[in-house]
Structure formats: structure tokens, C-alpha cells
Amino acid sequence: MTSTGPRVVAVLITHDGAASLRGTLTALAAQTQPGIEVLAVDNASEDGTGALLVDLLGPDRVLLSDQDLGVPVALDLALDALDAQDARHGCSGPRPDDLVLLVHDDLELAPDAVALLVAAL
């Protein structure tokens, strides 16, 4: 837990979502809940989604698949990547207060949505 609450990681799973990604990422950036991390999984998009995600988030925040994995497998891939990232920073496994928010590429959350979800837990 941070001084402002639990760690929140928004896992963005997408397939051919280039048209709506900017709105989704803008809405995540506008959240009143501080410190939300974003990790994206692109499921073999053919519309430039992967390149757009890398441009907007950086290569270390995007997992690119050459096949459409589907949501469950893409989520597992993202969670494994988060575990590996934590291990590189000296953490062993997920922290008990970590929260994962599953986000699709066409979701635009209200600015207080994540804060309300965190407060309700």
C-alpha cells in the first residue's frame, strides 16, 4: 500500500482498438485516484494499435502478441509480466493490497471511477 492507498494497475486489453485508445488512455490519466499504472496487451491488432500503444505508453508498458489470445489469456500474460517486473524490483509475488482494473480499449471511465472503486473495497 502506498501513502495514498493500494497500488492500482489498469490492464488494458485491446484488439484493433486504435480508434478509441486515446479516449481510454486520457480517461485513465484523468483519474482522481493517484498513481494508476497502465499495462497494455495488444491481441494481434491489424490497425496500428500496437504501435500507437508503444508510442503513448512506452515499450516497457506494452505486451504485443502476434495472435489474438482472448481476454483471459491476455490478462494472465499481463499478470505474469507484473510479477516479473516486481521480482526485478525485489518483490516476491503480488503484494496483498495490489488491485488490478481490467480495461477494454473502448472504455472511458469517469474521473472519479477508480477512486470510488478503491474506496468501496
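A residue is called buried when its relative accessible area is under 20%, exposed when that area is over 50%, and partly exposed in between. Asp16, at 34% relative accessibility, therefore counts as partly exposed. The model described here is predicted, and the protein chain comprises four helices and four strands.

**Overall fold and confidence**

- Followed along the sequence, the elements of the protein chain give the pattern β-α-β-α-β-α-β-α.
- The protein chain has 121 residues, of which 40% count as buried.
- When contacts between residues at least 6 apart in sequence are considered, 74% of them join residues at least 24 apart.
- The mean pLDDT of the protein chain is 90, and 88% of the residues score at least 70.
- Among the elements, helix H2 has the highest mean pLDDT, 97, while helix H3 (residues 71–88) has the lowest, 86.
- Where pLDDT is low, the predicted coordinates should not be read in detail.

**The sheet**

- Four strands form an open sheet in the order S3-S2-S1-S4, and their pairing is parallel.
- The edges of this sheet are S3 and strand S4 (99–104), each of which pairs on one side only.
- On average, neighbouring strands of the sheet are turned by 20° against each other, direction ignored.
- Strand S1 (residues 8–14) is paired with S4 in the parallel sense through six bridges.
- Within the pairing of strands, Leu12 stands opposite Val103 in S4.
- Strand S2 (residues 37–43) and strand S3 (residues 62–65) also run parallel, and four bridges join them.
- The path of the chain from S2 to S3 passes through helix H2 (residues 49–57), and this β-α-β crossover is right-handed.
- Asn43 stands opposite Ser65 in S3.

**Helix H2 and Ala51**

- Helix H2 lies across S1, S2 and S3, and runs at about 165° to S2.
- Ala51 is one of the residues in helix H2.
- Because its relative accessible area is 57%, Ala51 is exposed.
- From C-alpha to C-alpha, Ala51 and Leu64 are 9.3 Å apart in space, with a separation of 13 residues in sequence.

**Salt bridges**

- Side chains of opposite charge can pair when their charged atoms come close.
- The count of salt bridges in this model comes to three.
- One of them joins the side chains of Arg7 and Glu37, at 3.0 Å from N to O.
- This pair links distant parts of the chain, 30 residues apart: Arg7 is in the segment before S1, and Glu37 is in strand S2.
- Arg7 has 8% relative accessibility and so counts as buried, whereas Glu37, at 23%, counts as partly exposed.
- Arg7 also forms a salt bridge with Asp98, in which the closest N and O atoms are 3.2 Å apart.
- Because Arg7 lies in the segment before S1 and Asp98 in the loop between H3 and S4, this pair ties together parts that are 91 residues apart in sequence.
- A further salt bridge is formed by Arg61 with Glu37, and its closest N and O atoms are 3.7 Å apart.
- Arg61 lies in the loop between H2 and S3 and Glu37 in strand S2, so the pair ties together parts that are 24 residues apart in sequence.
- Arg61 is buried, because its relative accessible area is 13%.
- Through shared partners, the salt bridges join Arg7, Glu37, Arg61 and Asp98 into one network.

**Residues with positive phi**

- Most residues other than glycine have a negative phi.
- The position of Asp16 is in the loop between S1 and helix H1 (18–29).
- Ala44 is likewise a residue other than glycine with a positive phi, near 55°.
- Ala44 is found in the loop between S2 and H2.
- With a relative accessible area of 19%, Ala44 is buried, because the limit for a buried residue is under 20%.

Methods
Residues are numbered from 1 along each chain as its sequence is written. This is a predicted model: local features need pLDDT of at least 70, side-chain atom pairs count only at pLDDT 80 or more; totals for chains, interfaces and linings use all residues. Side-chain values use heavy atoms; hydrogens and water are left out. Two strands pair if DSSP finds at least two bridges between them. Helices (H or I, at least four residues) and strands (E, at least two) are DSSP runs, numbered from the N terminus. A crossover is right-handed if, with the strands pointing away from the viewer, the path from the first strand over the helix to the second runs clockwise. Axes are lines fitted to C-alpha atoms, for helices over the stretch in contact, and angles run from 0 to 180 degrees between N-to-C directions. Contact means heavy atoms within 4.5 Å. pLDDT is the predictor's confidence in each residue, from 0 to 100. A salt bridge is a side-chain nitrogen of Lys or Arg within 4 Å of a carboxyl oxygen of Asp or Glu. Buried means under 20% relative accessible area, exposed over 50%, partly exposed in between (1.4 Å probe, protein chains only).
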